[in-house]
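Take a walk through this model, one region at a time. Keep the sequence beside you as you read.

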Amino acid sequence: MRGILASSIGVTCATALALPLAPPATAADAEPVPTAGAATRAAVTARPDVPGSTRSLPLRPLARDRASGAAVLGLAPRAVRPFSLLGVVWDDPATELHGRVRVRTRAADTGAWSGWRDVETHYADHGADPGSAEGAADGVRGATAPLWVGESDGVEIRVLPEAGEGEGESGQEGAEADGSGAGESGDGAFGLDEPGVVGSEADEPEDGDHSGVPSGLRLELVDPGDEPLDGPRTGAMSAEATAASAANSALAPLGALEVPALNDEQTRQEYLALRGAEPTGQQRAEPHIGPRPAVVTRRGWGADESLREKRFVYTSKVKAAFVHHTASGNTYTCAQAPSLIRGFYRYHVRSLGWRDIGYNFLVDKCGRIYEGRAGGVAKPVKGAHTLGFNTDTTGIAVIGSYGSRKPSSSAVKAVARLTAWKLGLHGMNPRAKTYLKSAGGNLYRKGKKVRLNVISGHRDGFNTSCPGGKLYKKLGTARSTAARYQGR
């Protein structure tokens, strides 16, 4: 997820801030709240009538970093409508944020403020290929990774300028986004009496004096909604929901909440039916395909199909699977996974300007598999997951952050089961290698044919730490297990 680029995340940098210097929040973007640590809570705006929403708050200059003189942007603590996922976006998707983004949030149920948490700043390595229609569409934005914080009704954020050249990288893998890593500062704000940041209203930074920080920074607060967003799941479906469900009609009834699991023989028969072939003697020895796992459909996790672009986009086949992590933290429960996916979906489409959620599949830490981008789980849907290698591939994201935390054995097994089936549909051996043509990126130039593992980590196609070192080390296990499921 994060590009391996110099930034201040891996550095012991000044995190203290002077009293915020930004003008008071306006009614258009936030409601003021008591200062950090106050026992009382401010009243907040009620939830919107329609479940699911995105709120965008522009970040303001707050103070100066003493070492660099650059502006520190952010928002003072404030009450907001309830949300559960956040991220920061900016205008130009080709511009990177060289700095440190830290947030703390107020739990809606207890009123307690969290400690400060780092937001993964490099997310450009996820997305549509350079020069593609989706990547070049109007409204596409640069962004951090999304961070799941649970239901919250208050927020405070700081964007600290980048440290000196060569002082660090864009995030330590050991400092996870769930707040369990280094750099947490308890339940208070950045210390007001510590050195590092100075400022007064007289020397408030001018616009543009934001070293390493792109223009148009905005905090996105995403409420994924408590219920499925397409109306009652037993009721009539919209045209968009019908189309998304119909893309799986060969596998499950229209409106199904899940594509059910099949055993080996059922999967083989289905494979032959999908290919329109008769089960001849030669074909009885083929294919090498793992039994189809159960997959929660988009209707099952409550996708609002009106958000995405209507058409489906396909590639010719699936030659490889890229494994990712979402870098969204590990504090979620498996029961919350559908809410996280609705949040990712809304963030990708409404905040980043993509045509749909970027991943083809998602896997939670309990090993449950979810349909991602619409178009049919058995079909070669073109995603936006591995910049430069979205053609002839599928993208699987394990929900969570796995730089310093090991993925669950259930999640690794689910990746193996999914890839054994999905790659088997296209005759691919999970333990083999294949050639893919790069569409451009920071590892391989456009047009270069690259030999990669059929099950690869995101970092194999792009210079990034995704899918996190701990998950990456488990890919060998996933390959061998997937091959065994295929009977190889």
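Predicted model: local features only at pLDDT ≥ 70, side-chain atom pairs only at ≥ 80, totals over all residues.

Which residue takes a positive phi just after H2? Gly-276 does, with a phi of about 70°.

Helix H2 covers residues 264-275. Its 12 residues reach 17 Å from the first C-alpha to the last, close to the 16 Å expected at 1.5 Å a residue. Asn-263 caps the N-terminal end of H2. A side-chain oxygen of Asn-263 lies 3.2 Å from the backbone nitrogen of Glu-265. The buried residues of H2 are Thr-267, Arg-268, Glu-270, Tyr-271 and Leu-272. In an α-helix, residues three or four places apart point the same way, because there are 3.6 residues a turn.

Now turn to the interior. Nonpolar side chains tend to be buried together in soluble globular proteins. Here the largest nonpolar core has 68 residues. Leu-362, Ile-399 and Trp-421 have the most contacts inside this core. Helix H6, residues 409-424, gives the largest share of the core, nine residues.

Look at Leu-362 itself. Leaving aside residues up to four places away in sequence, Leu-362 touches Ile-341, Phe-344 and Ile-357, among others. Its contacts also include Arg-368 and Glu-371, as well as Ala-397 and Ile-399.

Aromatic rings come next. The structure holds four aromatic pairs. One of them joins Tyr-123 and Trp-354, which are stacked, 6.3 Å centre to centre with 5° between the planes. Tyr-123 lies in the loop between strands S6 and S7, and Trp-354 in the loop between H5 and strand S14, so the pair ties together parts that are 231 residues apart in sequence. Tyr-123 and Trp-354 are both buried.

Trp-301 and Tyr-345 make an edge-to-face pair, because their planes stand at 80° with the ring centres 5.6 Å apart. Trp-301 belongs to helix H4 and Tyr-345 to helix H5, so this pair ties together parts 44 residues apart in sequence. Trp-301 counts as buried at 1% relative accessibility. Tyr-345 also counts as buried, at 1%. Elsewhere, Phe-322, Phe-389 and Tyr-444 form one aromatic cluster.

The charged end of Lys-365 sits over the ring of Tyr-332, 4.4 Å from its centre. Arg-459 lies over the face of Tyr-472, at 4.7 Å from the ring centre.

Finish with the backbone. Most residues other than glycine have a negative phi, and most peptide bonds are trans. Ala-327 has a positive phi, near 55°. Ala-327 is placed in the loop between strand S13 (320-325) and helix H5 (337-351). This alanine is buried, with a relative accessible area of 5%. Asp-392 also has a positive phi, near 60°. Its loop runs between strand S15 (369-371) and strand S16 (393-398). Asp-392 counts as buried at 15% relative accessibility, because the cut-off is under 20%.

One peptide bond also deserves a look. Cys-466 and Pro-467 are joined by a cis peptide bond, with omega about 15°. Pro-467 is found in the loop between helix H7 (458-461) and helix H8 (469-472).

Methods. Residues numbered from 1 in each chain as written. Heavy atoms only, no water. Core = buried A, V, L, I, M, F, W, Y, C linked by side-chain atoms within 4.5 Å. Buried < 20%, exposed > 50% of the residue type's maximum accessible area, 1.4 Å probe, protein only. Helix = DSSP H or I, 4+ residues; strand = E, 2+ residues; numbered from the N terminus. Contact = heavy atoms within 4.5 Å. Phe/Tyr/Trp six-rings, centres within 6.5 Å; stacked < 30°, edge-to-face > 60°. Lys NZ or Arg CZ within 6 Å of the ring centre and 35° of its normal. Expected span 1.5 Å × (residues − 1). Polar contact = N/O pair within 3.5 Å; in protein donor to acceptor, adjacent residues only side chain to side chain.
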